[in-house]
Amino acid sequence: MNTARPMRPELSRTLGLVFFPAYDWGICEDHPEREERLLYTQDQFREEGLLDLPGISEYRPLLAGMEDISRTHFCPPGFESQVETPHLASAGSAITAGRLVLDGRCDKAFALTRPPGHHAMKIVQGGRGFCAVNIEAVMIDRLRRDFGVRRVAVVDTDCHHGDGTQDIYWHDPDTLFISIHQDGRTLYPGTGFPGELGGPRARGSTINIPLPPNTGDEGFLYAMNAVVRPILEQWKPELLVNSAGQDNHFTDPITNMRLSARGYARMVAALDPQIAVLEGGYSIQGALPYVNLAVALALAGMDYSHVVEPLWKEELCATDAKSMNYIRSLSETVLGMFARPEAVKHDYTHANGQWTCERDVYYDTDGIRERRHETLTDCSHCRGLLRIRSRTDLRPWSLCVEIPAGACPACRSRGHDAFTAARKQGMRVELRDVDEDLYQRA
Amino acid sequence: MLIGLDVGGTNTDAVLLRAKNASLVASFKAPTRPDSIVPGMIEALRAVVRGHDASKVRRVALSSTLGLNSLLSGNTLPVGMLVVAGPGIDPRLFWGEDPLFRVLSGAQDHRGRIVSPPDPNEIREALASFRELGVRALGIVCKFSPKNPELENSIAELAVKDFGPDMPVITGWRMGGTLNFPRRMHSVWCNAALAGVSRQCTAALRHCADELGLRCPLMVLKADAGVFSLEQAGLSPASSMGSGPAAGLLGIWAEDKAAEPAATPDALMIDIGGTSTDLSVLARGSPILVRRGLNVAGRPTLIRALWTRSLALGGDSSLRVGPQGPSIGPDRLGPALALAEAESEGQRGEPPATAPAAPGRQGGCAAALSGERRPPTLTDALNVLGLAVVGNAELSRKAMAELAGRPDSPEKDAAALSRLFVRHALERLRDEAAALLSEVNARPVYTIRELLLQDPIEPEQLFLIGGPAPALAREAEKAFGLPARVPRASAWANAIGVALARPTKTAELYADTLLGRMHIPDLDVEAAIDRSYGLDHAKKDLKDAFAAYEREKGTELAPLPADGACPAPGPDQQARADDDLQFPYAESFAMLDERNRRGRSIRVMAQRAPGLLFCWKDAVPEAGSHGKDKSERKGAHSGGGL
């Protein structure tokens with residue numbers, strides 16, 4: 001006589017899943033970021049009965065509006081030409097995940113969505129690294145408006161440097177951005193070195209940990225425990241977001257790292273973010289079903305020790321001694337820079353009460369080269385007005401003006417003046433006033 | 001002619017219909033015995049066939065509570081479970097401590113590829129221990145078996161060798177193509193555990209049919225509001241569990257033409273019984289099915305069933321006043337006090353049939369015998385307001401007045417208090433309906449198209465069924481702000497609905513052109529495919545497999561032309577008759593495997609949706625207008641089990 005009844009595992013916490021695989025949208029059939037990408041993850045989640053576990057629920061994403069995109073990005077070619085419905089759905093999935101946590105419906109939320117977004121910068125002239133809209137940033141900026149959260153930390157564990165998110169919050173001392181990734185000398189986008197510490201008024205709010213190729217579970221966990229956690233403990237965010245790229249997996253076809261599904265889960269458990277948003281991950285059969293499952297279980301505070309991918313072998317996920325030594329000394333360097341960011345030189349020049357800097361950005365999806373000229377007012381009352389002039393191979397100079405959160409009246413009127421002047425010159429110009437939740441363009 | 005049988009908690013209703021002019025030829029109510037449903041079914045069946053030519057009966061369809069009752073009462077076989085889980089969540093998390101639950105080594109991946117087979121010695125050892133523990137049925141479930149049944153079949157082969165062919169061995173892939181390993185385990189367990197009782201019941205019904213000269217297909221109602229053959233029901237008894245709301249839906253369809261699929265706007269269906277009320281949603285006349293499957297006796301299963309929310313509130317719910325205010329239910333101590341006379345009559349003669357309530361709730365008899373007054377019921381309140389006419393309304397008035405006289409009562413007048421209770425009951429129904437709708441409308445979608453196009457379901461119509469339905473209709477219209485339709489007489493509606501229920505079936509096809517394999521677990525079809533296999537091939541294969549299956553099982557649509565069934569009018573009905581195989585989804589994904597080979601992963605689902613064989617033109621007669629319903633009891637009208 002079977003007397004056993006299904007166990008009702010008491011979850012220590014609740015997890016909301018927002019799953020949006022966009023099965024009817026892709027760039028082309030053999031692109032790494034293709035329709036099929038989350039198919040096996042969904043099969044695995046369904047077959048595991050993940051949603052039958054008490055405490056784990058699935059939520060339908062809302063569709064983000066253009067006002068959500070223009071709260072984060074500037075787009076000289078016009079949002080209509082760059083932002084498609086899938087981007088709105090993907091950003092909407094992230095926003096839904098964020099709301100689940102902040103309105104108290106769930107302790108944790110995980111948005112498994114595509115397309116990803118962490119290479120999309122503040123200015124969008126085209127597509128970069130499969131991204132057009134930075135879904136985490138759009139989520140964070142919306143949550144700031146809706147829930148009044150201020151100090152937000154983003155830890156980007158995608159194998160590629162999260163250059164888009166870094167760029168968006170470069171001048172924002174209220175957003176701590178930490179990226180752990182494969183060293184930029186060996187992988188796209190080629191940035192993310194320890195010396196990149198944030199703009200002149202937000203030094204130390206950007207942290208980069210470039211790990212050597214072939215780093216495995218031990219190396220990642222070391223960086224998480226020795227660098228990321230102490231920094232977070234000191235910085236004390238109100239909200240912790242994980243940009244969860246699953247492409248550090250040992251089977252990923254376009255990267256060179258050696259992380260396992262359980263390694264990912266241990267890393268997430270150590271980080272303990274409130275919100276995770278899926279970014280990259282292109283081993284869609286060998287890694288994603290297992291990594292996403294392990295990460296979901298780790299977020300829910302459940303046992304993930306049985307999630308062993310079929311191709312897993314201990315030696316495939318090992319970090320060699322040489323790499324471990326390198327990671328240890330890298331960790332010290334990064335911690336030292338976080339402690340004294342002013343000791344590291346930055347590439348802004350100071351003149352006439354403002355900081356200026358030149359940058360070149362390449363949009364690999366569209367093959368566009370962009371030149372930027374950034375100007376930040378050195379204001380003693382606020383973060384300072386940000387003005388970015390941008391031109392590409394295809395478009396003439398346009399101006400993007402950002403009146404930052406907590407702007408002083410002088411910077412605000414300076415911003416509106418800049419907008420008016422540019423418009424009179426017939427230049428394309430966009431203006432955002434963060435506190436007023438205002439976006440306008442001409 | 002068609003026969004429909006509806007087994008309720010109190011009565012077993014049988015109807016004999018003539019298809020030619022869609023008329024009710026005979027009907028009969030037999031009491032349902034609490035210990036076994038079979039005698040009531042046989043009695044009712046005999047009664048409606050008596051005096052008619054049994055050879056003209058083209059089909060017998062029945063709804064049964066057998067599976068659920070057996071499960072709840074523990075009338076099940078001890079089942080040994082062998083599972084292959086591979087990587088993922090530990091399956092014991094979904095099961096708990098059980099010596100009859102064995103997790104084997106081995107694994108199969110999400111494409112159905114066997115990563116490693118289980119160790120045969122491990123299987124033999126488990127089977128030996130099962131034998132010692134007195135196992136009488138076996139369940140075998142592997143993760144991802146809908147994509148490839150090979151592992152399960154090889155284990156089943158070993159088990160049959162070991163235990164012999166008489167041992168029921170249920171494999172997971174036979175539960176269909178839905179991916180959900182824990183639910184597949186529990187569905188397999190339910191089917192294995194019920195194998196014994198379902199074999200007995202099938203044999204008894206078959207025997208009875210033979211004896212009566214009924215040489216037609218015998219069909220059983222499933223929880224998705226469709227029927228399947230008695231033989232299939234014998235193999236998969238779990239599918240008929242939870243078919244109560246389905247019978248209610250068919251009853252509405254049978255009686256109210258306006259409720260037929262595509263004829264209506266979105267609607268709420270409220271089935272008010274004696275102790276509980278079930279709410280479900282109709283999207284343009286079609287029921288919304290519960291996501292993932294029905295939960296039965298604490299077990300999550302894959303059983304397709306109407307998406308229902310139940311609350312413990314019905315016509316017989318006790319009304320009380322207390323320091324926390326007035327309360328309704330959740331208990332039922334007996335029928336309305338207005339029927340108290342009937343109750344005492346019942347005590348003098350044979351005991352009245354009682355719903356198979358939980359032990360210790362032996363209804364009004366106990367309360368009456370102990371001399372203690374039990375509280376009035378919702379039906380008594382409706383009686384006081386003149387909305388219901390049940391039994392002796394004076395008894396209701398007395399009881400409500402007494403309740404109103406209590407110090408805690410917010411109203412001092414029987415009518416005012418009754419009004420308060422009715423409003424309170426409807427508010428609870430309305431809140432429950434709102435919760436159900438927000439659940440249904442929050443169901444996830446996975447494509448941009450659905451995200452943009454899917455309209456939320458917004459009911460514009462109420463369908464009220466069950467005993468107290470007519471009495472509550474007008475008040476419900478006010479509370480919900482929606483027009484309400486109530487079947488004029490619900491006494492035979494469910495049995496007629498069951499008689500007319502169409503066969504339903506769903507099947508999912510998985511094809512993987514890189515593995516060169518196509519599999520339809522629900523229809524037991526497997527084939528090799530080549531690289532050019534596409535969505536059109538898949539749809540055609542699924543359609544052909546469906547046709548072959550229906551021919552073999554005798555569940556083709558429209559099995560009634562010889563009897564001159566009236567084809568239902570309307571373009572929609574016509575289209576359905578032509579070919580109503582629906583494809584809820586048909587997807588083909590470009591695949592690029594680890595070695596950069598291009599292929600396609602194809603998933604197609606096909607279904608025959610529930611509906612009626614033909615429209616029921618005849619007005620459903622009032623109960624009692626036929627000569628055959630001798631056993632009609634006054635008490636049966638108070639709500640429960642109708």
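This report describes selected features of chains A and B in a predicted model.

**Chain A as a whole**

Chain A contains 11 helices and 15 strands. Along its principal axes, the C-alpha trace of this chain spans about 85 × 45 × 40 Å. A compact globule of 442 residues would have a radius of gyration near 22 Å, and the 21 Å of chain A agrees with this. Of the 442 residues in chain A, 56% are buried. Among the contacts in chain A with a separation of 6 or more, 72% are between residues 24 or more positions apart.

**Helix H11 and its surroundings in chain A**

Helix H11 of chain A covers residues 409–424, which makes 16 residues. From its first C-alpha to its last, helix H11 reaches 23 Å, close to the 22 Å expected at 1.5 Å a residue. The buried residues of H11(A) are A:Gly415, A:Phe419 and A:Ala422. Seen down the helix axis, the buried residues of H11(A) fall within an arc of 75 degrees, so they line one face of the helix.

Against which strands do the buried residues of H11(A) pack? They pack against strand S13 (398–403) and strand S14 (428–433) of chain A. H11(A) is followed by A:Gly426, which has a positive phi near 80 degrees.

Strand S14(A) is also joined to strand S15 (residues 438–441) of chain A by four bridges, and these two strands run antiparallel. Within this pairing, A:Leu431 has A:Gln440 in S15(A) as its bridge partner. The hairpin of S14(A) and S15(A) has four residues between the strands, and A:Asp437 takes a positive phi near 50 degrees there.

**A sheet in chain B**

In chain B, six strands form an open sheet in the order S3-S2-S1-S4-S11-S12, with mixed pairing. The edge strands of this sheet are strand S3 (23–31) and strand S12 (227–229) of chain B, each of which pairs on one side only. On average, neighbouring strands of the sheet are turned by 20 degrees against each other, direction ignored. Strand S2 (residues 11–18) of chain B runs antiparallel to S3(B), and eight bridges join the two. In this pair, B:Asn11 stands opposite B:Pro31 in S3(B).

| Strand pair | Bridges | Direction |
|---|---|---|
| S14(A) and S15(A) | four bridges | antiparallel |
| S2(B) and S3(B) | eight bridges | antiparallel |

**A residue of chain B**

B:Ala247 lies in helix H8 (residues 244–255) of chain B. Is B:Ala247 buried or exposed? B:Ala247 is buried, because 28 other C-beta atoms lie within 10 Å. Leaving aside neighbours within four places in sequence, B:Ala247 is in contact with B:Asp6, B:Ser63, B:Leu221, B:Asn494, B:Gly497 and B:Val498. B:Ala247 and B:Ala425 are 178 residues apart in sequence, and their C-alpha atoms are 24 Å apart in space.

**Where the chains touch**

The contact takes 46 residues from chain A and 48 residues from chain B. On the side of chain A that touches chain B, the elements that each supply at least two residues include strand S1 (15–20), helix H4 (85–102) and helix H9 (288–299). Helix H1(A) gives the most to this side, with seven residues.

Key: Residues are numbered from 1 along each chain as its sequence is written. Chains are lettered from A and ligands numbered from 1 in the order in which they are written. This is a predicted model: local features need pLDDT of at least 70, side-chain atom pairs count only at pLDDT 80 or more; totals for chains, interfaces and linings use all residues. The expected span of a helix is 1.5 Å times one less than its number of residues. A residue is buried if 20 or more other C-beta atoms lie within 10 Å of its own, exposed if 12 or fewer, and partly exposed in between; C-beta atoms are placed from the backbone. The arc is that of the directions from the helix axis to the C-beta atoms. Two residues are in contact if their C-beta atoms, placed from the backbone, lie within 7 Å. Two strands pair if DSSP finds at least two bridges between them. Axes are lines fitted to C-alpha atoms, for helices over the stretch in contact, and angles run from 0 to 180 degrees between N-to-C directions. The radius of gyration is taken over C-alpha atoms; the globule rule is 2.2 Å times the number of residues to the power 0.38.
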